[in-house]
Protein chains: 2
Amino acid sequence: MARIKTDDKNLSRKDVIVTKAASLFREKGFKAASMRDLAEAVGVEAASLYNHIKSKTELLHDLCFNVANRFMHKIDEIEAEPISAIEKIEKLLRFHITEMIEHYEEVYVSDREWKHLEDPYLSNFQNQRRLYRKRFAAIIEAGIGQKEVKEIDAPTAVLIMLHAITGIESWHRSTQKISAEALEDNMITILVGGLTNR
Amino acid sequence: MARIKTDDKNLSRKDVIVTKAASLFREKGFKAASMRDLAEAVGVEAASLYNHIKSKTELLHDLCFNVANRFMHKIDEIEAEPISAIEKIEKLLRFHITEMIEHYEEVYVSDREWKHLEDPYLSNFQNQRRLYRKRFAAIIEAGIGQKEVKEIDAPTAVLIMLHAITGIESWHRSTQKISAEALEDNMITILVGGLTNR
DNA sequence: AATTGTTGCTAACATACGTTAGTTAATTAT
DNA sequence: ATAATTAACTAACGTATGTTAGCAACAATT
């Protein structure tokens with residue numbers, strides 16, 4: 001009888017399932033990925049998954065909120081630091097970029113598939129998202145007040161920054177990748193360069 | 001018996017269906033949007049749709065290639081113009097932005113749901129996409145050669161530009177929108193500003 | 001008015017999906 | 001070694017989905 005290999009390392013069987021789910025949801029999309037697909041990826045029968053999880057949406061829920069929490073904690077941290085607005089923006093962007101490089105599939109799924117969450121989690125997630133963008137915009141506004149940042153519409157700048165970073169998706173799948181460090185530096189050059197005054 | 005209203009204006013009944021499909025696919029995603037949903041939006045029974053279309057994927061196919069063709073024609077046009085690289089980049093970006101503002105749902109669906117195309121259309125679409133990005137990158141490379149553009153990795157810059165523009169999705173749904181013109185100018189300021197040398 | 005093609009309807013089929021029930025095997029604790 | 005718990009399996013249910021067949025109502029043409 002095929003058991004789920006946890007590869008030791010404190011991983012619960014659920015963790016294994018969630019990780020495989022991230023990969024599958026990224027590849028096919030949440031709706032198009034079936035529990036039978038997931039079972040096959042895990043190496044087990046579909047029904048067996050339900051010894052470890054409550055439902056398919058629970059998987060999406062876990063993925064989305066894990067990611068959201070990491071970003072929320074980071075922005076808490078950065079807001080509290082005694083540095084300039086531009087430095088805060090750069091730090092936040094670098095965090096987004098490394099998250100996208102290192103936890104590609106989870107971050108991607110969280111970003112693209114959250115629509116398929118069900119209330120009350122859906123509203124909850126949307127609220128967190130809105131709040132996060134407001135806080136990011138507030139940092140940019142502060143930078144504009146300080147004349148560090150060009151006089152642009154802050155919410156628009158936030159959209160650009162956040163969406164630009166999802167472009168890393170294509171980097172991941174591209175055949176001739178530049179290094180992760182080069183990618184990060186290029187992105188910062190363009191994005192921070194686009195905001196900075198002079 | 002409920003007929004599909006074409007609102008005169010040379011619209012075929014299929015055009016009406018494709019347009020409603022764009023809206024529905026945008027809202028729910030291709031897989032999650034059912035033909036029965038679409039039928040309801042059109043005001044007809046699900047089976048009746050098949051008097052006008054061949055299949056659900058044909059709808060996606062039409063949407064994706066309509067959009068792809070528009071962008072391909074535009075880049076043909078811009079490449080041929082005797083203007084500087086930066087001007088070409090700005091023109092191309094402005095085209096992307098207005099397309100995203102005016103044909104929001106089609107462009108969005110084409111961008112996010114093409115994965116659900118089936119071969120040979122899938123490969124075809126992917127090839128067009130790759131080619132388009134290569135041509136865009138080549139314009140940026142030319143700009144770098146001319147010292148108009150910062151020394152950055154051109155493919156990375158393309159990713160940033162293209163993904164940044166999909167951020168207009170959020171602008172569309174936001175409650176307190178700035179004007180379309182202001183949006184466009186802000187985006188150009190940030191994006192072109194991020195590329196330009198000095 | 002009769003005819004012909006178009007567009008709608010109802011009914012249904014086959015398939016795929018998420019999930020549950022009940023049972024057996026494997027692991028852990030006593 | 002035995003008992004208890006965990007995790008796998010097979011089978012199946014109910015529902016939703018894309019699509020087809022066959023027929024009725026409408027519109028356009030003669």
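Student: How far apart are the centres of domain 1 of chain A and domain 2 of chain A, taken over C-alpha atoms?
Tutor: Keep in mind that this is a predicted model. Chain A splits into domain 1, covering 13-51, and domain 2, covering 56-195. Taking the centres over C-alpha atoms, the separation between these two domains is 26 Å.

Student: And how many residues does each of the two domains bring to the contact?
Tutor: Here we're counting residues with heavy atoms within 4.5 Å of the other part. Domain 1 of chain A gives 15 residues, and from domain 2 of chain A come 15 residues.

Student: What area do domain 1 of chain A and domain 2 of chain A bury between them?
Tutor: Look at the atom types too: carbon and sulfur atoms make up 70% of what gets buried. The area itself, between domain 1 of chain A and domain 2 of chain A, is about 1,400 Å².

Student: Which residue forms a salt bridge with A:Arg26?
Tutor: There are three salt bridges between domain 1 of chain A and domain 2 of chain A. In the A:Arg26 one, the closest N and O atoms are 3.4 Å apart, inside the 4 Å cut-off. The partner is A:Glu105.

Student: Which helix gives the largest share of the side of domain 1 of chain A that touches domain 2 of chain A?
Tutor: Between these domains there are also six residue pairs in polar contact, both residues at pLDDT 80 or more. On the domain 1 side, α1 (13-28) and α2 (35-42) of chain A each supply at least two residues. The largest share is eight residues, and it belongs to α1(A).

Student: How many residues on that side of domain 1 are nonpolar, polar and charged?
Tutor: We're still on the side of domain 1 of chain A that touches domain 2 of chain A. By class, that side has 10 nonpolar, two polar and three charged residues.

Student: Moving to the two chains, how much area is buried between chain A and chain B?
Tutor: The contact draws 36 residues from chain A and 36 residues from chain B. Carbon and sulfur atoms give 63% of the buried area, which comes to about 2,800 Å².

Student: Which residues in chain A lose the most area to chain B?
Tutor: Three residues together account for 22% of what the chain A side buries. They are A:Ile160, A:His163 and A:Ile190.

Student: How many salt bridges are there between chain A and chain B?
Tutor: Polar contacts do turn up, with 12 residue pairs across the interface of chain A and chain B, both at pLDDT 80 or more. Salt bridges are another matter: the count between chain A and chain B is zero.

Student: Which helix supplies the largest share of the side of chain A that touches chain B?
Tutor: Several helices of chain A supply at least two residues each, including α5 (104-113), α7 (154-166) and α9 (180-195). The largest share is nine residues, from α9(A).

Student: Now the DNA. Which residues come nearest to DNA strand C?
Tutor: There are 22 residues around DNA strand C, and by class they are 10 nonpolar, five polar and seven charged. The ones that come nearest are A:Met35, A:Tyr50, B:Glu45, B:Asn51 and B:His52.

Note on methods: Residues are numbered from 1 along each chain as its sequence is written. Chains are lettered from A and ligands numbered from 1 in the order in which they are written. This is a predicted model: local features need pLDDT of at least 70, side-chain atom pairs count only at pLDDT 80 or more; totals for chains, interfaces and linings use all residues. Side-chain values use heavy atoms; hydrogens and water are left out. A residue is near a molecule or strand if one of its heavy atoms lies within 4 Å of it. Ala, Val, Leu, Ile, Met, Phe, Trp, Tyr, Cys and Pro count as nonpolar, Asp, Glu, Lys and Arg as charged, and the others, Gly among them, as polar. Domain bounds come from an automatic or database domain assignment. Buried area is the accessible area (1.4 Å probe) that two parts lose on being put together, summed over both. A salt bridge is a side-chain nitrogen of Lys or Arg within 4 Å of a carboxyl oxygen of Asp or Glu. A polar contact is a pair of N or O atoms within 3.5 Å; within protein, one must be able to donate a hydrogen and the other to accept it, and residues adjacent in sequence count only if both atoms are side-chain atoms. Helices (H or I, at least four residues) and strands (E, at least two) are DSSP runs, numbered from the N terminus.
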